[in-house]
Amino acid sequence: MTDTVLQVRNVSKAFGAVQASDGITLDLRPGEIHALIGPNGAGKSTLIAQIAGALRPDAGSVWLSGQDVTALGVAERANLGLARSFQVSAVAMDLTVLQNVVLAACGAQRRVWRFFRAALRDERLIAPARAALARVGLTGEAATIVADLSHGQRRRLELALALVLEPTCFVMDEPLAGLGADGSAEMTALLAGLKAQAPILLVEHDMDAVFALADRISVLVYGKIIATGAPDAIRADSDVRRAYLGDGE
Amino acid sequence: MSLVLLLEQVLNGVQLGVMLFLMAAGLTLIFGVMGLINLAHGSLYMVGAFAAAAVSGLTGSFLLGLAAALAAAAAAGALVEMLVIRRLYARDHLDQVLATFALILIFSEGTRWLFGSFPLFLDVPTWLSGPVALPLGIDYPKYRLAVIAVGLAVAGALAWLIGGTRLGVQIRAGEADREMIAALGVDINRLYTLVFALGAALAGLAGALVGAIQSVQVGMGEPVLILAFVVIVIGGIGSIRGAFVGALLVGLTDTLGRVLLPVIMTHIVGPQSAATVGSAVASMAIYILMALVLLVRPSGLFGRT
Amino acid sequence: QDSALKVGMITTLSGGGAGLGIDVRDGFLLAVKQAGVPIDVVVEDDQRKPDIAVQLADKLIQSDKVDVMTGIIFSNLAMAVIPSAVAQGKIYLSPNAGPSQLAGPGCNPNYFNVAWQNDNLHEAAGAYANSAGHSNSFILAPNYPAGQDALTGYKRFYEGELAGELYTALGQTDYAAEIAQIRASGADSVFFFLPGGMGISFLKQYADSGVDMPVIGPAFSFDQGILQAVGDAALGVRNTSQWSKDLDNPTNAAFVESFQAEYGRLPSLYASQGFDTANLLISAMGKADVADADAFRAALKEADFDSTRGAFKFNTNQHPVQDIYVREVVKEGDVFTNRIVATALRERGDAYAADCPME
Amino acid sequence: MRRERIVNAALAVLLLGFPLWAYWAGEPFLITLATRAAILALAGVGLNLALGTGGLVSLGHAAFFGAGGYAMGVLAWHAQMYAPMNIAGFEIAGTKSMPVIWLVAVLTGALLASLIGALSLRSSGVYFIMLTLAFGQMAYYFAISWPAYGGEDGLSIYVRNGFPGLNTLDPIQFFLLAYAVLMAVIWFMARLQVSPFGLALAAARQSPARVQAVGIGVFRLRLVAFVISGAITALAGAMFADLNRFISPTMLNWHTSGELIVIVVLGGVARLYGPVAGAILLVTLEHVLGGFSDFWQIWLGLGLLAVVLFARGGLVGALAGRAVAHD
Amino acid sequence: MTAPLLDLRGVTALYGSSQALFGVDLTVEAGQVTALMGRNGMGKTTTIRTICRLLPNRAGEVFLDGHELSGLPPHRVARMGVGLVPEGRRCFAPLTVRENLTAAARPGAWGLDRVVGLFPRLGERMAQRAGTLSGGEQQMLAIGRALMTNPRLLILDEATEGLAPTVRAEIWQAIGTLKRESGLGILLVDKSLRELSAVADSAVILDKGRSVWAGRIEELSPDLAASWLGV
Ligand SMILES: Nc1ncnc2c1ncn2[C@@H]1O[C@H](COP(=O)(O)OP(=O)(O)OP(=O)(O)O)[C@@H](O)[C@H]1O
Ligand SMILES: Nc1ncnc2c1ncn2[C@@H]1O[C@H](COP(=O)(O)OP(=O)(O)OP(=O)(O)O)[C@@H](O)[C@H]1O
Ligand SMILES: [Mg+2]
Ligand SMILES: [Mg+2]
């Protein structure tokens, strides 16, 4: 277990009577895409929120690159290399695409507490921002106000924001949600290339994408991991078929 | 201080609380349903009091005055909703704050223009005036007991309306998603006008009831507005139950603070300045209460997060 | 109209308290009209906000170049405007506010108070309490300087015991807790100073509570403008005032009649003060030119005019020396008004004059 | 944006030109009015950082405005009375020097804002509005019943405080001083808005979760903005007190907070020169309408309503068109 | 030939000043399912919003049973028999399941019992707040809520987004049942062509705010699908 990037140890979280996370243990290793699937309401988003630091677990701990980060907040974990994407796009709607990415660069380079120098004149911020936009194919939209983007473009921006952080791991909540067939295909290709840079913990309901991308899959049901393994093993697992995949697959 | 006096003061606190609830109920209803900060609530309260004073002055009947207060405030509310508020639902709180701040100016000076600058007369009707003897030798004004009764009735009626009727279900559905309830066939504009008029009528009722034992004058709504805000923020904005509990808490804190703090201060700063220091702290007591509640529960006692 | 004397009046004409300013203005303008002398009055509304009042004072002095200023109702506004106005050489005639700071060491040759020093009516109430045989008063006022002064003023002449002394919040509207304390205190009388709406609320609630010990207060809560709103609750209450509608002198009779004819309402205490202020000014105009400041001040100080309140003269600190009466609230037909029942203090100056360096 | 720059320049020139004309025409009172507008604009610029850029609708900025005012009042009063203050056993003399007073005002405002901000910023939306209102009212009631400095009556400072090299009693000199301070602060704000800090603050208004996720602590960000905002408003308060040579608890009343919001929204929320336009408009309206009728506030109210309903983006917005993010 | 249940002719629409629809033609027959297809941002949701009058159309006409809908407020359109299952479910979160269902109920064949018969899971959760339901349950609730208004035309916008495969299968099954048993006209937006093909009778494809293809679903060739839908 020495070379894990992200580790979740025995994490539990209850909302009233609902046990959303029930002693979850899970890890993410360098170079892999680890998919987390499970029925609606299984507790996937809740787990992501606990990994990112937006929710505090009732019990258990979260480790990032060998450091216990359970007590840290969202921003501090981001500074330690955790990049997260949201199930619903969370971007500054009235700013331009470039400003959004530059902002992420500010965060990544700890250049927030500067009050005088114009952010968009600072080459150290602009260069990585443009590079990230180029990778997701948004170079042409750099000056567009985010509110004017289409849904798919916003999902790409979401990804660019994570890229610019140069994280040690990605945690993504349904990055394909709401993308059309073509968009899904593009995004799948992007994600496949991304794992070389940093491993990805991926929550997704699109099984085509999951089986195409994942190196390992964990299945979460009612707050518990019921199976972890290679895609083929998961596809064959009868418990998983009953709880999630159904017989149509 | 004797125990009986203390008990009487607790009763006074409860009574003030119920009065505050009357003032706050309409405000929290409007906020809860429409997500609207209505700073002009105090103005509707004033409209109610003036209408009651004018009509009961003309007819000599307190009950007709109350009816006039309800009608005038509801009409003013409906008018304001249709002309102004309707355009503000989609705006942020800032625009709402400013527009309703402007409405305060218009209502206040408009009322002064109509009724002049001097306070109006509105008094407790004879059949409710004077004290009744309660157990333990407490003499308590009949009228205040009547206000408690009306307050409790309003609380019950609102709880029933919101929780137990189909109209209430639609109101709450509109609160959650205005566009969706319209797309399901509910005339949301009419519903909102109705709710706003109802909230305004409650403000008017409070203005008339409370006006009878206070002064009916321009600007009477403003201290009330702030108090009502404190009440609903403590209770959790939009919650009728929260408004009720918040009102009682504020009423008790204020009354007991006024009574006890000067006594307590005698031991701290000595008798000379105890009265002034105690009263100074007492005037801040409810704000301190509110700050404390919000520090522990950032969205009030019964608020949704 | 070049030779007209220019008066700048800053008073409260909108918002809460506007009624007082309107009465002062109307009383003042009535006197000017009756005298038919060349006086230009520039009236400005301070909205009861000190910063607006200061701004208006600057305007009157710098733009309108007025000779004399007057009009302010509230002490806190007076303190904002008067010290700097008189320092700039303007003559200020106060038709209402008389803060103690301006009566003692802070007195000024350019400052004349035509109404009263703030403590006067409270002192009279204390004196009256003695003569009425009260020996255990419960006293209350809002917790701000004027309120604290009021209780101090009452205690200056009052000789009995205090059953309780209470400060309420400024702007408070519910007095149930205070009334319960009064009832429990075993007092034989209540003195209160609660100006404006606070007094109306207190009196109505007091009357409704069934507590029936006698109440005394300064005229402010029982004056013409406010009485109709208090109604029966005020009937029989004794209050102290330097003026009353039924004061028996020809000036007052003429004033009451002409005011009613002009404006269609009974004059108030404030209207009488505005009227007297204007007449004081007019009397000085007949004796000296305003350009000659010393002579004009001397003419003012003579106070050679017929006051609605009878005998009137200035003390060394240029505050009134006058009689202060006790009035009782009565009903005349449908209208609540006051009737004089006694004189509380005769030729009363004020407690601060000794500290005033002027002679 | 080009258009907005032109509008801004026009406003700056108007605010400077009008009193210069008044000086030439011998109308000192109009200079005083312009000074009032400049100082209120300064307070608005402070509020605008929290309210516009940061999206923190504070109904309690009167507390900072008043704190600045009282910093001036207390220091000058002690100097005027030749009575040193006694703070925890230390004797501190008062002062009549504006730079020192300003420094104290800014520090007082910043301190108070960090206290109120630290407590209020834990909540959001209407709760934030109401918490700031509550803290503001606490300050107000405290000032009313605190007898040492005049309570409700306030304090008069008979002679305006001094500034090295200037005769501050001369209206035009005092105006120029206020104008210079305003322009300096606006310059600072212009830099701030496009700096990483300004960008992050604007983004935190629109999507706090995203700002957290890129490693920027939103609470700290907002707190710093709130403190800067409070400090600037306090500076304006000190100058306002000097303009009137008078302080009173009215400065702390929630109506003052409301008026500051009116200034910002009238002029244009989050626009650099919005508060300048708003202050000019408000002071003009007050002055012009006041002579119009006793009920002029009705017209003021109707005017405000018209701006909110029909001129979104305020005066600057109406003149300069849609706000496009900076640069 | 009788008029179709829903008929759009040359509909255009704007968001503020930016045009989103440039001319959409579309029909839905009673008792049939029409699939509305197109890539992201091509105007599917916008089309649906204009049908429901949540967005006014700039030009063109929308007929329901031969009645023009332009100019009506949304609640009138709903009362004429249009039931909407919106993108993102939009259940009334603070209300219970029962309250969600009764909020807009109108008399007709569909009542609580029949909805529960269709989605037994909702019956088990009648008193639970909608906000705490799982995504799939919320989707069922949104469909049930639309049915409670007893519509003649049911519109489902991305009714299976973010749902687990098992739940998805259940919903497809329910739509099939509805079509067969109730004679409703159904307009359907979904991204899975495979699953759509199994249930829809006809299809309309949108591209950049225009309807570029319409016909029987069987006639939609793989080539066409590839060029318009990118699959
Ligand atoms: N704040 C909350 N309060 C109460 N219950 C909650 C809260 N947040 C989540 N839950 C409950 O916890 C459970 C897990 O929710 P979560 O959002 O993690 O599911 P999920 O696996 O992400 O589902 P989906 O695939 O539908 O997004 C659900 O039953 C949900 O209702
Ligand atoms: N509220 C809005 N304001 C401005 N433009 C909008 C708005 N909503 C959608 N648009 C734009 O209108 C176009 C059509 O959007 P619409 O939501 O109808 O697409 P869709 O086909 O439903 O796509 P998706 O598959 O992503 O749901 C898009 O270009 C989108 O950017
Ligand atoms: Mg989820
Ligand atoms: Mg869509």
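Trainee: Where is Asn10(A) placed in chain A?
Mentor: Asn10(A) sits in strand 1 of chain A, which covers residues 6–15. Keep in mind that this is a predicted model. Asn10(A) has a positive phi of about 55°, although it is not a glycine.

Trainee: Ligands next! Which residues are closest to ligand 1?
Mentor: The closest are Gly41(A), Lys44(A), Ser45(A), Thr46(A) and His205(A), out of 15 residues that surround ligand 1.

Trainee: Why is the site of ligand 1 called shared between chains?
Mentor: Because the residues that surround ligand 1 come from chains A and E.

Trainee: Which polar side-chain atoms lie by an oxygen atom of ligand 1, say from Thr46(A)?
Mentor: A polar side-chain atom of Thr46(A) lies 2.5 Å from an oxygen atom of ligand 1. For Ser45(A) the distance from a polar side-chain atom to a ligand 1 oxygen is 2.7 Å, and for Asn40(A) it is 3.0 Å.

Trainee: Where does ligand 2 lie?
Mentor: Ligand 2 lies between chains A and E. It has 15 residues around it, and the closest are Gly41(E), Lys44(E), Thr45(E), Thr46(E) and Glu87(E).

Trainee: How far is Thr45(E) from an oxygen atom of ligand 2?
Mentor: A polar side-chain atom of Thr45(E) is 2.7 Å from a ligand 2 oxygen. The side chain of Glu87(E) has an N or O atom 2.8 Å from an oxygen atom of ligand 2. With Met42(E), it is a backbone N or O atom that lies 3.3 Å from a ligand 2 oxygen.

Trainee: Let's change topic. How many residues do chain E and chain B bring to their contact?
Mentor: Chain E brings 23 residues and chain B brings 17. Together the two chains bury about 1,800 Å², with 60% of it on carbon and sulfur atoms. His75(E), Arg90(E) and Phe92(E) supply 29% of the area that chain E buries against chain B, more than any other three residues.

Trainee: How many salt bridges are there across the interface of chain E and chain B?
Mentor: There are four salt bridges across that interface. One to look at joins the side chains of Arg49(E) and Glu179(B), at 3.0 Å from N to O. The interface of chain E and chain B also has ten residue pairs in polar contact.

Trainee: Which elements of chain E give two or more residues to the side that touches chain B?
Mentor: They are helix 2 (74–79), strand 6 (82–85), helix 3 (97–103) and helix 6 (135–148) of chain E. Helix 2 of chain E gives the largest share, four residues. By class, that side of chain E has 14 nonpolar, three polar and six charged residues.

Trainee: What about chain D and chain B, how many residues are in contact there?
Mentor: In that pair, 39 residues of chain D are in contact with 43 residues of chain B. The area buried between chain D and chain B is about 3,900 Å², and carbon and sulfur atoms give 81% of it.

Trainee: How many salt bridges are counted between chain D and chain B?
Mentor: Zero salt bridges are counted between them. Chain D and chain B do have four residue pairs in polar contact. The elements giving two or more residues to the side of chain D that touches chain B are helix 5 (125–144), helix 10 (254–267) and helix 12 (296–310) of chain D. Helix 5 of chain D gives the largest share, twelve residues. That side of chain D has 28 nonpolar, seven polar and four charged residues.

Trainee: Last one: how far apart are the end C-alpha atoms of residues 191–213 of chain B?
Mentor: They lie 34 Å apart, and the span is 91% helix and 0% strand. Residues 44–60 of chain B are 94% helix and 0% strand, with end C-alpha atoms 23 Å apart.

Methods: Residues are numbered from 1 along each chain as its sequence is written. Chains are lettered from A and ligands numbered from 1 in the order in which they are written. This is a predicted model: local features need pLDDT of at least 70, side-chain atom pairs count only at pLDDT 80 or more; totals for chains, interfaces and linings use all residues. Side-chain values use heavy atoms; hydrogens and water are left out. Contact means heavy atoms within 4.5 Å. Buried area is the accessible area (1.4 Å probe) that two parts lose on being put together, summed over both. A polar contact is a pair of N or O atoms within 3.5 Å; within protein, one must be able to donate a hydrogen and the other to accept it, and residues adjacent in sequence count only if both atoms are side-chain atoms. Ala, Val, Leu, Ile, Met, Phe, Trp, Tyr, Cys and Pro count as nonpolar, Asp, Glu, Lys and Arg as charged, and the others, Gly among them, as polar. A residue is near a molecule or strand if one of its heavy atoms lies within 4 Å of it.
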